[in-house]
Amino acid sequence: MRTSIATVSIAGELRDKLAAIAGAGFDGIEIFEQDFIAHSGTPTEIGEMVRDHGLRIDLMQPVRDVEGLPEPLRSKAFDRVERRFDLMEQLGTDLLLVSSGTHPASLGGIDRMAADFAELGDRAAARGLRIGYEARAWGRHVSDYRDAWEVVRRASRPNVGLILDSFHTLAKKVSPEAIRSIPGDRIFHVQLADAPLIEMDLEYMSRHFRRMPGEGDLPLLDFMRAVAATGYDGAFSLEILNDQLRGGAARIAALDGRRSLIYLADQLRRAEPSLPVDLPEMPERGRVEGIEFVEFTANETEAKILGGMLSALGFSRVARHISKAVTLWRQGDINIVVNTEQEGFAHSAYVMHGTSVCDIGLLVEDASATVERARVLGANLFSQKIGAGELKIPAVRGVGGTVLHFLDRHSDLGEVWEREFQPLEGEEGVASAGLSRIDHIAQVMKHDEMLTWTLFYTSVFDIAAQPEVDVADPGGIVHSRALQSSDGAVRLTLNGVDTHHTFAGRFVSDSYGSSVQHLAFATDDIFATAESLASNGFDSLPIPEDYFAEIRSRFSLPEETIVALKRANIFYDEDGAGGSYFQFYSRPYGDGMFFEIVERRGGYDGYGARNAPYRTAALKRIVRTAGIQPR
């Protein structure tokens with residue numbers, strides 16, 4: 001599959017864009033006139049620079065308001081096209097994108113517009129060039145690819161073809177099925193973009209809210225299946241106009257774009273196995289069966305403080321690594337690893353972030369297949385020196401520089417605790433508090449990273465992204481998105497911040513980009529767990545009195561239940577379908593990390609978002625009045 005990307009999709013100077021695009025593995029680009037207006041070189045020099053990066057220029061764009069015009073506007077429009085032809089010859093590209101016009105003087109008419117393209121085609125043919133016609137969703141007379149195809153068909157010139165754009169089709173909710181009837185050799189170029197399914201002016205959405213395939217809600221696979229059925233064998237290109245991307249790093253945007261195209265092509269290959277899809281082989285998305293471990297990095301002093309918190313939570317120290325300063329704490333099916341090594345990756349993470357989560361172990365169906373899929377999709381593989389007796393566990397880099405290790409049950413990776421750890425003899429464990437497993441892990445990042453990591457998780461693993469929600473914080477808004485497996489075995493919440501004034505934003509700032517801000521542990525009886533933790537000396541986050549007044553007005557709970565909630569500082573929520581959710585929190589530690597205890601009843605599948613403003617306000621009050629423990 002030949003891949004391309006419009007230079008307008010990423011930020012930076014043209015030379016930096018080209019380096020990022022080539023580095024990500026794209027084959028070509030769509031170039032905009034504004035790129036070489038801003039660049040100091042001539043069009044000829046720009047064309048050479050593109051080819052020096054191993055790229056081709058698939059097309060030049062855009063030209064608008066050309067078809068259906070009366071004189072003298074028609075002649076002026078054709079003069080503009082001739083000027084583009086001059087530039088194309090200098091750049092070394094043969095395809096010009098012409099978008100359907102919005103000019104108020106345009107007369108329209110299929111035959112009139114077809115005659116215009118016939119003449120333009122003849123002019124282009126004299127120079128060995130081609131023209132592609134694209135229907136923009138807000139075009140004055142042509143806003144549907146079916147009408148654009150009819151214009152192309154009637155123009156009847158072999159060098160005049162159709163350009164398809166998934167956004168203009170799917171955001172307007174036009175079925176892509178009629179694409180199947182178009183001859184593949186008459187489709188000159190295909191552009192891909194996703195978008196959220198929200199009510200918005202289509203032109204405004206197109207210019208500001210397009211997303212990479214897989215980051216939005218449009219049925220792109222249906223579009224791809226229709227295009228593939230025509231026999232089209234040209235480039236699949238990204239044209240992503242998005243304010244977040246324009247403010248981000250070119251390298252990240254290019255890598256995301258390449259990953260999104262490969263992921264979409266992989267979906268196509270699996271949906272239509274009879275169609276030829278030129279794509280590297282890769283395993284399918286694997287099911288994540290659970291979170292096998294979470295590893296903290298700390299120094300010896302802070303490890304004792306963290307150990308005290310874990311003991312208060314009912315964890316027992318059960319084993320020590322065979323050769324490293326690494327301790328295993330366990331309760332139920334939860335494994336917490338504390339690493340105090342003075343060299344290696346964990347120590348580097350400590351130097352950068354302080355006491356923090358540096359590693360997450362995911363239990364998957366097949367660890368080697370998972371890491372291979374991640375590799376093909378452009379993930380950064382991770383490895384470090386393996387000591388005597390240690391297993392070689394496949395891994396990739398994750399959010400904020402953390403590591404994701406992959407384990408499975410069918411290989412020796414399932415014996416990691418028996419082979420790499422020795423039980424601690426004579427260690428007096430604490431009584432379990434009833435915590436059974438990790439319910440979810442909350443990762444914090446800059447808002448412009450959320451699309452990147454959503455795409456990473458959903459393309460590598462068999463997990464789905466829920467709609468993004470905005471969570472109110474006294475210092476601003478936190479953008480939150482939950483990712484989870486269909487059975488709820490693995491849940492991640494991605495929280496994007498725009499400012500350090502929010503509690504989450506302050507955590508990112510103070511910890512120099514650390515990602516995991518809190519771990520949520522599940523229990524089957526939250527009131528019994530709260531009682532056990534209190535007897536262990538666990539100090540829960542206090543909830544203001546007015547919260548429980550709100551609970552009384554919102555839900556039909558018995559008064560004794562509200563009293564029990566208040567006594568244990570437990571938040572409560574319902575989903576309207578018989579499900580309920582109980583949650584309480586620790587006080588913050590270090591740079592603002594904390595723990596959460598939850599109980600889900602009746603199939604509740606959310607995260608208590610309505611309680612978030614109370615929780616963040618309470619956390620910020622604790623930080624302001626008492627301060628949090630120093631690193």
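Visitor: What makes glycine 132 the partner of leucine 97?

Guide: In this predicted model, a bridge joins leucine 97 to glycine 132 of S5. Strands S4 (residues 95-99) and S5 (residues 130-134) share five bridges in the parallel sense; because DSSP must find at least two bridges between two strands, they count as paired. Strands are DSSP runs of E with at least two residues, and helices are runs of H or I with at least four, numbered from the N terminus.

Visitor: Which limits apply to the model and its numbering?

Guide: Residues are numbered from 1 along each chain as its sequence is written, and side-chain values use heavy atoms, without hydrogens and water. Local features need pLDDT of at least 70 and side-chain atom pairs pLDDT 80 or more, whereas totals for chains, interfaces and linings use all residues.

Visitor: Why is the pair of phenylalanine 296 and phenylalanine 595 called tilted?

Guide: Rings of Phe, Tyr and Trp (its six-membered ring) pair if their centres lie within 6.5 Å; planes under 30 degrees apart are stacked, over 60 edge-to-face, and the rest tilted. Here the centres are 6.4 Å apart and the planes stand at 55 degrees, so the pair is tilted.

Visitor: How do you know whether phenylalanine 296 is buried or exposed?

Guide: Buried means under 20% relative accessible area, exposed over 50%, and partly exposed in between (1.4 Å probe, protein chains only). Phenylalanine 296 has 0%, so it is buried; phenylalanine 595, at 2%, is therefore buried too.

Visitor: What places arginine 330 over the ring of tryptophan 417?

Guide: The criterion requires NZ of Lys or CZ of Arg within 6 Å of the ring centre and within 35 degrees of the ring normal. The charged end of arginine 330 sits over that ring, 5.9 Å from its centre.
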